[in-house]
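Hi,

Here is the structure I promised to pass on to you. Have a look at it first, then read on for what turned up.

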Amino acid sequence: IQIKDPFVMSPNLLKIALNKTLIKIAKNYFNTDEVYVTGVNYRRSYFNDLPAIDTQMYHRDRNAYKILKVFIYLNDVDEDTGPFQYVLKSHKNWPFLSNRKYRWEDEYIEKKYGQDSIFSATSLMGDVIIADTTGFHKGKKLNKNYRTMLTINYSISTENGGQKVKIRKFEDYPFKIEEKDKKIFKYTSVQVWIKKFKKYKD
C-alpha cells in the first residue's frame with residue numbers, strides 16, 4: 001500500500017526532503033551543488049505467502065546516471081520484517097550485460113558477490129539508510145507483520161521512464177520555503193491543491 005503524491009498529500013514530508021544534512025550528503029557524494037529531488041515513495045508492505053516479486057528481488061536502479069536514495073523506517077525493522085538489503089560495492093562492479101536484465105535471483109547474487117557482501121539494514125523506527133542504488137539492492141521479503149518506509153531520491157538530473165514528482169505550489173505549504181531551496185525541486189511538477197470543506201448538519 002502506498003500514498004500517491006506524498007509531497008502533496010502529506011506536506012510535512014517535504015521538510016524531510018529539504019533537510020540540510022541530507023542535501024549536504026548528496027552534494028558531497030555527487031561532488032556538485034546541482035542536486036535535485038527526483039523521486040519519493042511512502043509505502044507499507046505486508047507479510048504474505050506469495051513468492052518474492054518486484055522490488056523484493058535484487059535489482060539496480062538504471063533510471064538515472066547517478067542516484068542516491070534515502071530510506072527512513074517508520075517502524076522497527078528486523079530480519080523478519082523486510083529490511084533493506086544492499087550488495088556492498090556492487091555499484092562499482094556490475095555483471096556483464098547487466099542492463100539486459102532487471103530482476104536477479106538471490107542465488108546468482110550470493111554466488112557472484114559472496115554472502116558476506118550482503119548488508120541487511122535492520123534498524124529502529126526513525127533511522128535513516130542512504131544508498132547509491134545503482135548497486136544491487138532489494139527489500140527482503142517479510143516473514144511477519146509489516147514495514148512502513150519513506151524513500152526520497154536525490155540525483156543530478158531527472159530520472160528516466162517515470163512521472164515527475166508532484167508538489168504543491170510553494171505558497172500552499174504550511175511552512176516557508178526559502179528561495180535558495182526551491183531549485184532542488186527543478187524536476188518536479190506542481191499539483192494544484194484545492195482545500196475542500198464540507199459542512200455537516202445535525
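Lys89 sits in the loop between β3 and α4 (106-113). Keep in mind that this is a predicted model. The phi angle of Lys89 is near 65°, a positive value in a residue that isn't glycine. That's worth a second look because most residues other than glycine have a negative phi. Lys89 counts as exposed, because its relative accessible area is 65% and the cut-off for exposed is over 50%.

You'll find Asn145 in the loop between β6 and β7.

Now step back and look at the whole chain. It has five helices and nine strands. Starting from the N terminus, the elements run α-α-α-β-β-β-α-β-β-β-β-β-α-β. How does the radius of gyration of the chain fit with a compact globule? For 202 residues, such a globule would have a value near 17 Å, and the chain has 18 Å, so the two agree. Along the principal axes, the C-alpha atoms fill a box of roughly 60 × 50 × 30 Å. As for burial, 43% of the 202 residues count as buried.

Asp181 belongs to helix α5 (residues 179-182). Is Asp181 buried or exposed? Its relative accessibility is 18%, so Asp181 counts as buried, given that the limit is under 20%.

Next, a sheet. Three strands make an open sheet in the order β4-β3-β6, with antiparallel pairing. Its edge strands are β4 (118-121) and β6, each of which pairs on one side only. On average, neighbouring strands in this sheet are turned by 20° against each other, if you ignore direction. Zoom in on β3 and β6 and you'll see them pair in the antiparallel sense over three bridges.

How many does a search of the whole structure find? The count is eight, and here are some of them.

Let's begin with Lys69 and Asp61, whose side chains meet in a salt bridge at 3.0 Å, N to O. Lys69 is buried, with a relative accessible area of 15%. Asp61 counts as buried too, at 5% relative accessibility.

Another salt bridge joins the side chains of Asp78 and Lys144, at 4.0 Å from N to O. This pair links distant parts of the chain: Asp78 is in the loop between β2 (67-73) and β3 (84-87), while Lys144 is in the loop between β6 (137-139) and β7 (146-155), 66 residues apart. Asp78 has a relative accessible area of 33%, so it is partly exposed. Lys144 is partly exposed as well, with 35%.

The side chains of Glu79 and Lys140 also meet in a salt bridge, at 2.9 Å from N to O. Here, too, distant parts of the chain are linked: Glu79 lies in the loop between β2 and β3, Lys140 in the loop between β6 and β7, and they are 61 residues apart. Glu79 is partly exposed, with a relative accessible area of 34%. Lys140 counts as partly exposed at 23% relative accessibility.

Which residues make a nonpolar patch of about 330 Å²? They are Ile1, Tyr46 and Tyr146. Tyr146 has its place in strand β7. At 33% relative accessibility, Tyr146 counts as partly exposed.

Key. Residues numbered from 1 in each chain as written. Predicted model: local features only at pLDDT ≥ 70, side-chain atom pairs only at ≥ 80, totals over all residues. Heavy atoms only, no water. Buried < 20%, exposed > 50% of the residue type's maximum accessible area, 1.4 Å probe, protein only. Helix = DSSP H or I, 4+ residues; strand = E, 2+ residues; numbered from the N terminus. Patch = residues over 30% accessible without salt bridge, like charges linked within 9 Å, V, L, I, M, F, W, Y side chains within 5 Å. Areas by Shrake-Rupley, 256 points an atom, 1.4 Å probe, with all protein chains shown as cover. Pairing = 2+ DSSP bridges. Axes fitted to C-alpha atoms, helices over the stretch in contact; angles between N-to-C directions. Rg over C-alpha atoms; globule rule 2.2 N^0.38 Å.
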